[in-house]
Amino acid sequence: MSEYILEIKHVSKYFHGLVAINDLSMKVKKGQIYGIIGPNGAGKTTLFNCITGIYTPEEGQILWKGKEIKGTTPFKIAELGILRTFQTIRLFAEMSVAENIMSGRHIKSKQKWYNGIIHTPAYYKDEKENWEKVGELMDFFNLSEYATIPAGDLSYGIQRRIEMARALAAEPELLILDEPAAGLNENETLELTQTILKIQAMGVTIMMIEHDMEMVMSLTEYITVINFGARISAGLPAFVQDDPVVVEAYIGSDEEDEHE
Ligand SMILES: Nc1ncnc2c1ncn2[C@@H]1O[C@H](COP(=O)(O)OP(=O)(O)O)[C@@H](O)[C@H]1O
Ligand SMILES: [Mg+2]
């Protein structure tokens, strides 16, 4: 098998005839932290939506471990081991922190749906294991003290951690993070950086969109820069950072003002 766990090949996606992703290609190595950057509206989230099955691109291929996954449903893609967080947090606001994380666990669950109704011994064994895993994740993300609190009652920074815990509950091989540091303060961002490194150390491959350049530069091993849906630069963080084409794209979009 190829050393690349995910390959995007000449993918294009249109909305109402307008191109949102334009002939985009990239390869993500297993175990890597891969960065996607670019001005607002560049098509970064759309790319993640194509990978996770929310959109089906009109052109190109998306290969997961060498097999085409384009057109696969989001649920099936999660089952294959690709999990994500959203740019705008999506949690069950009324459900407790523990229940939210458990909802991620159920993607992984081996149980048939009817075992949940007739409560077989296998069901109880699985549920016990699932709650243990939820407990471990709450420890890992410092969420234990909030276990029974509805997610919607907690601060933004805590909700971000819950969302990541829920994605990890499904034991992903690839974790896709859409602006994980957005809205976080400096301390929370530093904590998140450490957390992402720990997740990588568990063997999880990570793809992230992020505007916080300090974070992107310190974490990622390779970066693709997108503007108007197309790749304008790619390479090691140090190269991309100084690439005049990239600097130009950000100045042209006033992005620096917005995110300083
Ligand atoms: N569901 C949609 N319908 C129509 N246009 C969309 C849709 N989603 C995204 N777009 C458009 O695609 C472009 C890229 O958006 P997006 O991927 O959200 O950018 P980014 O995440 O880089 O800020 C934008 O012009 C946006 O308006
Ligand atoms: Mg976006």
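Let's start with E58 and K13, which form a salt bridge with their closest N and O atoms 3.4 Å apart. By salt bridge I mean a side-chain nitrogen of Lys or Arg within 4 Å of a carboxyl oxygen of Asp or Glu. E58 sits in the loop between α1 and β4 and K13 in strand β1, so this pair ties together parts that are 45 residues apart in sequence. When I say helix or strand, I mean DSSP runs numbered from the N terminus: helices are H or I with at least four residues, strands are E with at least two.

Before going on, a word on where this comes from. This is a predicted model, where local features need pLDDT of at least 70 and side-chain atom pairs count only at pLDDT 80 or more, while totals for chains, interfaces and linings use all residues. Residues are numbered from 1 along each chain as its sequence is written, chains are lettered from A and ligands numbered from 1 in the order in which they are written, and side-chain values use heavy atoms, with hydrogens and water left out.

Back to our pair. The cut-offs here are under 20% for buried, over 50% for exposed, and partly exposed in between, with a 1.4 Å probe and protein chains only.

How many salt bridges are there by this rule? The count comes to seven. Another of them joins the side chains of E3 and K29, at 3.7 Å from N to O. This pair also links distant parts of the chain: E3 is in the segment before β1 (4-15), K29 is in strand β2 (residues 18-29), and they are 26 residues apart. K29 is partly exposed, with 34% relative accessibility.

Then look at K76 and E79, whose side chains meet in a salt bridge, again 3.7 Å from N to O. Where does this pair sit? Both are in helix α2 (residues 74-80), and because they are three residues apart there, about one helical turn separates them. K76 is partly exposed at 42%, and E79 is partly exposed at 43%.

The residues around it are F15, A20, P39, N40, G41, A42, G43, K44, T45, T46 and Y55. To make that list, a residue needs a heavy atom within 4 Å of the molecule. Which element gives the largest share of this shell? That is α1, with three residues.

Some of these neighbours make polar contacts, meaning a pair of N or O atoms within 3.5 Å; within protein, one must be able to donate a hydrogen and the other to accept it, and residues adjacent in sequence count only if both atoms are side-chain atoms. A backbone N or O atom of A42 is 3.1 Å from an oxygen atom of ligand 1. For G43, a backbone N or O atom is 2.9 Å from an oxygen atom of ligand 1. Y55 uses its side chain instead: an N or O atom there is 2.8 Å from a nitrogen atom of the ligand. Taken alone, ligand 1 exposes 560 Å², and the protein buries 61% of that. Those areas come from the Shrake-Rupley method with a 1.4 Å probe, and for residues only the protein chains shown count as cover.

Which residues coordinate the magnesium ion, ligand 2? They are T45, through OG1, and Q87, through OE1, at 2.0 to 2.2 Å. T45 is in helix α1 (residues 44-51) and Q87 in the loop between β6 (82-84) and α3 (97-108), so the two link distant parts of the chain, 42 residues apart. Donors here are N, O and S atoms within 2.8 Å of the metal (3.2 Å for Na, K and Ca), and since water is not among the atoms, sites may look incomplete. T45 is partly exposed at 25% relative accessible area, and Q87 is partly exposed at 33%.

Y222, L236 and F239 make a nonpolar patch of about 310 Å². Patches are made of residues with over 30% relative accessible area and no salt bridge, joining like charges within 9 Å and nonpolar side chains (Val, Leu, Ile, Met, Phe, Trp, Tyr) within 5 Å. F239 lies in helix α9 (residues 237-242) and is partly exposed, at 48%.

H10, in strand β1, has a phi near 50°, a positive value in a residue other than glycine. N142 is not a glycine either, yet its phi is positive, about 50°; you will find N142 in the loop between α5 (121-140) and α6 (156-169).
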